[in-house]
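Please find below a colleague's note on the model, arranged as numbered points. Each point takes up one part of the assembly.

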Amino acid sequence: MNAALFAQAVVIALAVAWAAWFAFRRLLPKTYRRLLSHAVAAFDRPSAPRWLREYARRAQPTSTSGGSCGDGCSTCGGCAAAAKPTVEAQPLVFRPRAPK
Amino acid sequence: MRLSELKKGASAVVREVEDAHAADPIARRLRELGFVGGEPVRVVASGPVGGDPLLVQIGYTRFALRRAEAARVLVDGGVA
Amino acid sequence: MNALVESPRIALVGNPNSGKTALFNRLTGSQQKVANYAGVTVERKEGRFVAPSGRTLRLLDLPGAYSLDAASPDEAITRDICEGRYPGEPAPDLIVCVADATNLRLHLRFVLEVKRLGRPMVLALNMMDAARKRGIRIDVAALSDALGVPVVETIAVQRGGAAALVEHLDRSVAAVATAPSLPDSGDAAVEADLHAQVRAALAAAVTMPRATSTVDDALDRIVLHPIGGLAILAAVMFLIFQAVFSWAAPLQDAVGAGVGAAGAWIGGLLESMPLLHSLVTDGIFAGLGTVLEFLPQILILFLFILMLEESGYLPRAAFLLDRLMFKAGLTGRSFIPLLSSFACAIPGIMATRSIQDPRDRLTTILVAPLMTCSARLPVYTLLIGAFIPRQTVLGLFNLQGVVLFTLYFAGIVSALAVAWVIKRLRRDRSEHALLMELPSYRLPNPRDVAIGLWERAKIFLRRVTGIILALTVLLWFLSSFPAPPEGATLPPIDYSLAGRIGRWMEHVFAPIGFNWQICIALIPGLAAREVAVSSLATVYAMSAVGEDAIAAELGTAIAAQWSLATALSLLAWYVFAPQCMSTLAVIRRETNSWRNVGVAAGYLFALAYLASFVTYQIARALT
Ligand SMILES: Nc1nc2c(ncn2[C@@H]2O[C@H](COP(=O)(O)OP(=O)(O)OP(=O)(O)O)[C@@H](O)[C@H]2O)c(=O)[nH]1
Ligand SMILES: [Mg+2]
């Protein structure tokens with residue numbers, strides 16, 4: 001396999017993987033959140049390294065109201081709530097700005 | 001006389017709101033909106049088909065009422 | 001505990017349309033929906049702001065209520081919060097009762113009712129600008145004495161218009177930590193008593209030159225005229241659809257040309273990499289570019305919707321059409337939710353919370369998806385643009401606009417018909433109340449309209465770069481793989497997974513004239529209706545062979561390849577098609593029942609298939 005073809009395959013694989021993840025998150029928000037919180041629970045345990053726990057906590061899904069209308073129709077106002085999740089009791093944690 | 005019998009443009013004074021049946025939520029709501037004894041009302045307009053609904057001015061507010069709702073309001077001194 | 005949790009909570013309550021949400025937005029800088037009719041807010045919304053003293057205050061925006069004796073689900077939310085019965089939430093530390101200064105006879109009653117809860121409160125006399133303009137004079141001190149609550153004046157729609165309120169909140173919140181006084185004893189005070197108190201307070205503190213504004217009277221005489229009013233309503237509706245076509249065309253062409261040029265340039269760069277080239281040009285540029293062209297149309301539609309919402313005309317339209325709705329078994333209250341559904345069925349379904357009767361509410365929810373939402377506009381305009389000639393009929397109307405109007409109209413008529421059938425099936429003889437307040441007319445503020453449009457454009461772009469992009473990439477992938485065998489003659493899509501699925505679905509959809517390309521596009525269209533358009537563009541870009549592939553613009557491609565019957569059939573399909581998962585999800589959430597979702601999806605699908613079948617067969621026989 002030559003390099004150009006390989007590069008193309010990598011780019012396309014990444015694009016398709018992103019698309020699948022995004023569509024899954026949007027279309028099945030509940031399932032997505034459930035899976036995500038399982039994953040977070042698995043990583044965020046005392047024996048895990050610190051960076052991993054930090055990361056897992058950050059990925060913790062915030063509760064939003066039925067993600068369904070988040071993708072388009074702001075007139076219901078339901079989306080504004082989804083965009084700014086209500087503040088739950090949370091310990092104050094300071095973390096350095098991580099590059100995206 | 002009932003509010004539903006008033007002509008367009010006619011004024012009257014509310015006597016009371018009658019319950020159409022026991023614990024009538026519509027009658028209760030009408031009272032809450034200001035249809036209580038002594039309050040002046042006026043029929044401002046009526047709908048294009050069959051004169052339904054009615055547009056009723058009470059206090060500083062205008063409410064659209066269907067005739068069945070307006071029939072719960074008993075009024076005095078109106079001109080039919 | 002986080003400091004935020006302990007910061008005082010302030011609830012905005014009051015009659016509908018008194019400007020609570022406008023105040024909430026002014027204080028917290030949010031962009032919640034404000035419109036000039038009762039029942040805009042149907043949910044509890046939370047925000048926060050920092051008072052001049054540096055204290056953070058939490059603010060709740062609540063649905064408007066005529067009384068704490070709730071008659072509909074949205075009023076129940078307000079009642080529960082005020083009484084401290086809302087799940088997981090103690091009563092607010094301070095209640096701000098918002099009243100419209102031009103409508104005090106009605107609004108003060110609710111103020112007094114809230115006062116009887118015995119919680120710390122303040123009355124915000126809102127819309128003072130409108131009151132002054134009408135020559136209404138309010139002696140704030142006397143009013144405060146008569147009611148026994150502190151009173152501040154506000155103008156929610158002016159910068160700095162809430163300063164007095166903020167200052168009051170800042171001062172009094174510190175003091176409120178004490179236990180609230182006991183509710184006053186029992187319900188000896190009946191309606192008459194509350195109203196008598198209101199009259200006394202008005203007599204003591206308010207001078208009203210006239211009960212109503214002269215402008216409102218004059219306009220209502222014209223707008224509610226039995227014949228003139230209906231003519232105006234028809235003209236307004238017609239103007240909107242004409243505008244969507246005529247005004248948008250030049251903008252649409254410009255966007256199309258821009259996207260085309262960008263696509264050609266990037267395509268040129270990727271010439272050496274065939275796979276990537278196909279992903280970028282056939283997938284992303286063909287798909288997204290086609291959808292992007294519809295942005296101007298959607299914005300023009302929303303320009304009208306925003307202006308109508310703020311003007312106060314919508315409840316008047318509901319008044320005129322009430323008889324029709326009544327015949328169909330809908331309550332007049334259904335009008336506004338159904339109207340919101342023209343933007344999107346989701347807010348429409350949410351807005352049904354202001355309907356009192358649960359059965360009326362369910363009927364409205366079930367027919368809301370029949371209102372043509374703005375996401376269908378791209379599908380409609382694509383097909384109309386490709387198949388209906390741009391010509392003038394009767395010397396005045398743009399034929400394309402007329403067809404668009406007809407499609408919207410078909411949706412409305414079928415909604416009424418379905419509601420009527422539901423009523424029959426239920427043998428429903430219950431009473432359907434109207435009891436709708438007609439607000440004062442207001443001139444839309446150009447700045448607010450501009451912000452509203454900007455928000456709308458952002459949402460659309462976010463959709464395009466989010467879900468639509470993702471689905472387009474996936475569709476491209478499924479249409480490219482598995483790759484064709486050596487020496488294949490047909491375009492690769494014919495051998496791909498998507499191509500095979502499309503061919504398989506074609507058996508089901510052939511009787512209504514859908515070819516396999518349309519069948520493919522129906523699937524991603526489930527996620528969002530516009531995606532059907534981007535998918536068609538991708539599918540056609542990929543099935544084009546040779547040189548014309550580059551030039552193939554979707555409109556031209558389908559105009560060349562589809563029969564008129566197919567196009568009409570697809571239009572008919574989209575009048576009904578239940579293809580919006582978000583709508584089904586919100587039906588599930590609002591009715592808390594899968595059965596209703598099944599009913600909605602089932603009947604919509606059946607109607608869509610039937611309508612397309614009839615349309616296709618008739619059109620084929622005629623052409
Ligand atoms: N002139 C003037 N108009 C105002 C003022 N405050 C609000 N409005 C207008 O009043 C109308 C109703 O405002 P909203 O904030 O939606 O009212 P609301 O109390 O939230 O209404 P619901 O959510 O239906 O209960 C809108 O047309 C606002 O533009 C004001 O101070 N002055
Ligand atoms: Mg509101």
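1. Chain C and chain B bury about 3300 Å² between them, with carbon and sulfur atoms giving 57% of that area; buried area is the accessible area (1.4 Å probe) that two parts lose on being put together, summed over both. To this contact chain C contributes 41 residues and chain B 34 residues, where contact means heavy atoms within 4.5 Å.

2. This is a predicted model, in which local features need pLDDT of at least 70 and side-chain atom pairs count only at pLDDT 80 or more, while totals for chains, interfaces and linings use all residues. Residues are numbered from 1 along each chain as its sequence is written, chains are lettered from A and ligands numbered from 1 in the order in which they are written, and side-chain values use heavy atoms, with hydrogens and water left out.

3. Eight salt bridges are counted between chain C and chain B, a salt bridge being a side-chain nitrogen of Lys or Arg within 4 Å of a carboxyl oxygen of Asp or Glu. One salt bridge joins the side chains of Asp52(B) and Arg323(C), at 2.8 Å from N to O. The rule also finds 20 residue pairs in polar contact across the interface of chain C and chain B, both residues at pLDDT 80 or more. A polar contact is a pair of N or O atoms within 3.5 Å; within protein, one must be able to donate a hydrogen and the other to accept it, and residues adjacent in sequence count only if both atoms are side-chain atoms.

4. Which elements of chain C each supply at least two residues of the side that touches chain B? They are helices H4 (104-115), H8 (191-205), H9 (214-223) and H14 (313-327), together with strand E11 (436-438). Helices (H or I, at least four residues) and strands (E, at least two) are DSSP runs, numbered from the N terminus. H14(C) provides the largest share, five residues. By class, this side of chain C has 19 nonpolar, nine polar and 13 charged residues; Ala, Val, Leu, Ile, Met, Phe, Trp, Tyr, Cys and Pro count as nonpolar, Asp, Glu, Lys and Arg as charged, and the others, Gly among them, as polar.

5. Within chain C, the domain assignment gives domain 1 (2-211), domain 2 (228-374 + 396-428 + 450-462) and domain 3 (472-622); such bounds come from an automatic or database domain assignment. The C-alpha centres of domain 2 and domain 3 of chain C lie 20 Å apart, and their contact takes 32 residues from domain 2 and 30 residues from domain 3. These two domains bury about 2500 Å² between them, 75% of it on carbon and sulfur atoms.

6. Two salt bridges are counted between domain 2 and domain 3 of chain C. Glu590(C) and Arg361(C) meet through their side chains in a salt bridge of 2.9 Å, N to O. On the side of domain 2 of chain C that touches domain 3, H12(C) gives the most, with eleven residues. The residues of that side divide into 22 nonpolar, six polar and four charged.

7. Ligand 1 is surrounded by 24 residues, and the closest are Lys20(C), Thr21(C), Ala22(C), Thr41(C) and Glu310(C); a residue is near a molecule if one of its heavy atoms lies within 4 Å of it. A backbone N or O atom of Gly19(C) lies 2.9 Å from an oxygen atom of ligand 1, and a polar side-chain atom of Asn126(C) lies 3.1 Å from a nitrogen atom of ligand 1.
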